[in-house]
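Please look at the structure below with its aromatic side chains in view.

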Amino acid sequence: MATISKFYFHDAATTNTGTMPTGIFVNSGDSSGDATGARTARAADDVIGALQTSATITATANTNPQNWGYRRFVSPPLAAQTIAPGDGNWTFSCARAESNLNHNQLVVCNMSFWSPSSGAQVGANHLSLSGTEPTVAAAEQAESTTSAWALSTTISDGDIIVFEVYDSFIQAMATAYTSTFYYDGTTEGSTTSCASFVAPPSALTLFTAAAAGIPDVGMGLQVT
Amino acid sequence: MLTPTQDPHVWIEEQRKGYVRYRNSEGRRWEVHGECVGLGHCIVGAVVDGREVETVVEARALWEKFRELGVPDCPVTPEFKGCCSFTFVELERA
């Protein structure tokens with residue numbers, strides 16, 4: 001039984017089949033706008049990255065609450081299972097930066113479940129993992145935050161987790177500051193090559209066709 | 001009478017040398033005591049005319065330019081950090 005215990009975020013688009021999410025972030029994490037390419041469904045898997053990249057947003061010059069989407073990532077297909085509060089804490093680890101401390105950057109990773117076969121969210125349950133503001137402006141800083149699901153969700157064979165990372169802030173000055181989220185690097189917690197990730201409290205079971213009892217005709221088996 | 005600022009959600013209720021009283025679209029009201037003397041740190045990291053301001057020298061030059069042009073006030077909230085030395089008073093909501 002194949003399992004996965006960490007979801008590293010990558011820049012490459014997912015190779016999942018079926019219908020991936022492409023629209024607005026599930027919980028209005030991009031109600032103010034997006035970084036270029038934010039809504040592309042990119043891969044999240046257990047292979048650490050090779051080269052850090054980043055997504056940057058430019059705030060609207062006001063002091064109102066704003067949410068700007070950085071990136072959307074999706075897991076490989078999972079086996080049918082229940083994700084419950086009693087499982088324990090999920091961890092979100094990343095690196096971020098803001099151009100000025102009056103921007104008040106807060107990086108949030110919102111997780112929800114999606115069915116590629118129906119092209120729709122599974123249930124309405126979601127978990128937000130919220131970080132804290134950097135302590136120094138214009139410097140990449142790493143952070144890690146944990147939280148548990150408040151409600152249980154039961155998913156079916158082939159369903160996936162959607163991770164939507166965004167900046168949620170209220171600026172202290174009506175100025176177009178910028179902020180950045182870093183990912184796909186080589187090292188967890190690094191401030192130069194950060195392998196941003198989400199980790200479940202225990203490994204999740206991946207969906208495989210063999211495990212689901214679907215014959216693999218490519219192996220010479222005869223389907224009748 | 002409320003005076004518009006650069007922030008479409010914030011207006012000036014009263015203003016004089018060393019004092020500004022603001023109100024925002026949610027009814028929040030606050031006073032800012034002190035004067036902006038153009039240190040520029042608050043402008044570093046801002047995107048102006050499509051380009052991010054990178055240095056305090058650049059920021060100060062922009063401040064001078066904005067002052068000469070008489071651009072509308074750029075409000076700061078009581079959460080403002082650093083740069084000029086202001087004190088803030090939170091007031092009863094409108």
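A:Phe73 and A:Tyr183 are both buried, where buried means under 20% relative accessible area, exposed over 50% and partly exposed in between (1.4 Å probe, protein chains only). This is a predicted model, in which local features need pLDDT of at least 70, side-chain atom pairs count only at pLDDT 80 or more, and totals for chains, interfaces and linings use all residues. Residues are numbered from 1 along each chain as its sequence is written, chains are lettered from A and ligands numbered from 1 in the order in which they are written, and side-chain values use heavy atoms, with hydrogens and water left out.

A search of the whole structure gives 14 aromatic pairs over all chains. Rings of Phe, Tyr and Trp (its six-membered ring) pair if their centres lie within 6.5 Å; planes under 30 degrees apart count as stacked, over 60 as edge-to-face and the rest as tilted. For A:Phe73 and A:Tyr183 the ring centres are 5.3 Å apart and the planes stand at 70°, so this pair is edge-to-face. A:Phe73 belongs to strand E6 (residues 65–74) of chain A and A:Tyr183 to strand E15 (residues 178–183) of chain A, so the pair ties together parts that are 110 residues apart in sequence. Strands (E, at least two residues) and helices (H or I, at least four) are DSSP runs, numbered from the N terminus. One aromatic cluster holds A:Phe73 and A:Tyr183 together with A:Phe7, A:Phe9, A:Tyr70, A:Phe92, A:Phe163 and A:Phe181.

In chain B, which rings form a tilted pair? They are those of B:Phe80 and B:Phe86, with 5.9 Å from centre to centre and 45° between the planes. B:Phe80 has 11% relative accessibility and therefore counts as buried.

Two arginines of chain B also meet rings. B:Arg16 lies over the face of B:Tyr19, 4.2 Å from the ring centre, and the charged end of B:Arg28 sits over the ring of B:Trp30 at 5.4 Å from its centre. The test is that NZ of Lys or CZ of Arg is within 6 Å of the ring centre and within 35 degrees of the ring normal.

Chain B as a whole has one helix and seven strands, in the order β-β-β-β-β-β-α-β along the sequence. Its C-alpha atoms fill a box of roughly 40 × 25 × 20 Å along the principal axes. Of the 94 residues in chain B, 36% are buried.
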